[in-house]
Amino acid sequence: MLLNDAADLAQDQLALFITAVVVFALLIGSFLNVVILRLPVMMERAWRRDAQQMLESDVSFAGDAGSEPISLAHPPSTCPKCGHRIRAWENVPVISYVFLRGRCGQCRAPISMRYPLVEIATAVLSVVVALQFGASWLTLAALLLTWALIALTMIDIDHQLLPDSITLPLLWLGLIVNSQGLLVPLDDALWGAVFGYLSLWSVYWGFKLLTGKEGMGYGDFKLLAALGAWLGWQALPMVIILSSLVGAVIGIAMILLLGRDKNVPIPFGPYLAIAGWIVLLWGDVLSGHFRLLSA
């Protein structure tokens, strides 16, 4: 009887914990949509301001004249077609999209399906992390990494850009997390950051010297360095192998099924992010399989 009561209590606590994770992750997913949409715009405007200052020019770029200052918090979200300010009840993750039937509450213009999909993906991945690590500090750290990887993936898909404002803090956060040995010893994390950056940096320059072309961007180096800081240098070969496999499968599928031009560059960041997240959760299991295959 006591064992049954204890099991029921544990099950109730788990259900409460997962429910809390889902609700909070949906809110984070809504915020990630803002980051994915606005951060590249903020960066572009900052680059233009820097260029004007460097050239000491008063010439404004197309689209900048009269543009309202933008940040992650300002201006409030509006419909891109009619300018209708989105009210709080219209901005509830997933639920508002369903209630409004995927359309603006004012002009009835369609709302991109991507917004609720990002929110749902954030919730699902967060639940997987919570189930894997339980109620612990490691779960909180892994959730922060997961959310950052989601934002980086979507921004790279849209703009072929991995912002320093996400990758560099992610690298430092990995070192801070591992200063307490949550995932790997600090020494392994430090060398993971070093080797993560240098490995892709070497590939980049080798490819450029041989072909005269750039095979990837510096953001990829920084992302792999960040993953090395989180997962340790021992995980880097697995991350690179998995990202290459994922990239090959998705790339071939896009060419064969969607008719994508094979000469159009495909961002590598999303594949690194997917591989890094898989290794975060199941790296020990995968490394065991790799050792069996190589034996």
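Reply: Let's start with a tool: accessible areas come from the Shrake-Rupley method with a 1.4 Å probe, and for residues only the protein chains shown count as cover. With that, the protein chain has an accessible surface of about 17,400 Å², and 68% of this belongs to carbon and sulfur atoms. Keep in mind that this is a predicted model, where local features need pLDDT of at least 70, side-chain atom pairs count only at pLDDT 80 or more, and totals for chains, interfaces and linings use all residues. Residues are numbered from 1 along each chain as its sequence is written, and side-chain values use heavy atoms, with hydrogens and water left out.

Me: How many helices and strands does the protein chain have?

Reply: Helices (H or I, at least four residues) and strands (E, at least two) are DSSP runs, numbered from the N terminus. Here the protein chain has nine helices and zero strands. Read from the N terminus, the order is therefore simply α-α-α-α-α-α-α-α-α.

Me: What share of the residues of the protein chain counts as buried?

Reply: A residue is buried under 20% relative accessible area, exposed over 50%, and partly exposed in between (1.4 Å probe, protein chains only). Of the 295 residues in the protein chain, 37% count as buried.

Me: How many disulfides does the structure hold, and why?

Reply: A disulfide is a covalent bond between the sulfur atoms of two cysteines. The test used is a pair of cysteine sulfur atoms within 2.5 Å, and the structure holds zero disulfides. Take Cys 79: its closest cysteine sulfur is in Cys 104, 3.8 Å away, which is too far for a bond. Both partners count as buried, Cys 79 at 10% relative accessibility and Cys 104 at 6%.

Me: How many aromatic pairs are there?

Reply: A pair of aromatic rings is described by the distance of the centres and the angle of the planes. Rings of Phe, Tyr and Trp (its six-membered ring) pair if their centres lie within 6.5 Å; planes under 30 degrees apart are stacked, over 60 edge-to-face, and the rest tilted. By this rule there are ten aromatic pairs. One of them, Tyr 197 with Phe 221, is edge-to-face, at 5.5 Å centre to centre and 85° between the planes. Tyr 197 lies in helix α6 and Phe 221 in helix α7 (residues 218-231), so this pair ties together parts that are 24 residues apart in sequence. Tyr 197 is partly exposed at 25% relative accessibility, whereas Phe 221 is buried at 0%. Phe 221 also pairs with Tyr 218 in a tilted arrangement, 4.8 Å centre to centre with 50° between the planes. Those two both lie in helix α7, three residues apart, about one turn of the helix. Ring pairs link Tyr 197, Tyr 204, Trp 205, Tyr 218 and Phe 221 into a cluster.

Me: Where in the chain is Pro 75, and what is the peptide bond from His 74 to Pro 75 like?

Reply: Pro 75 is in the loop between α1 (2-55) and α2 (95-99). The peptide bond from His 74 to Pro 75 is cis, with omega near -5°.

Me: Which loop holds Arg 101, and is Arg 101 buried or exposed?

Reply: Arg 101 is in the loop between α2 and α3 (114-133), and it is exposed at 72% relative accessibility. Although not a glycine, Arg 101 has a positive phi of about 60°. Arg 108 is also found in the loop between α2 and α3; its phi is positive too, near 65°, and Arg 108 is partly exposed at 38% relative accessibility.
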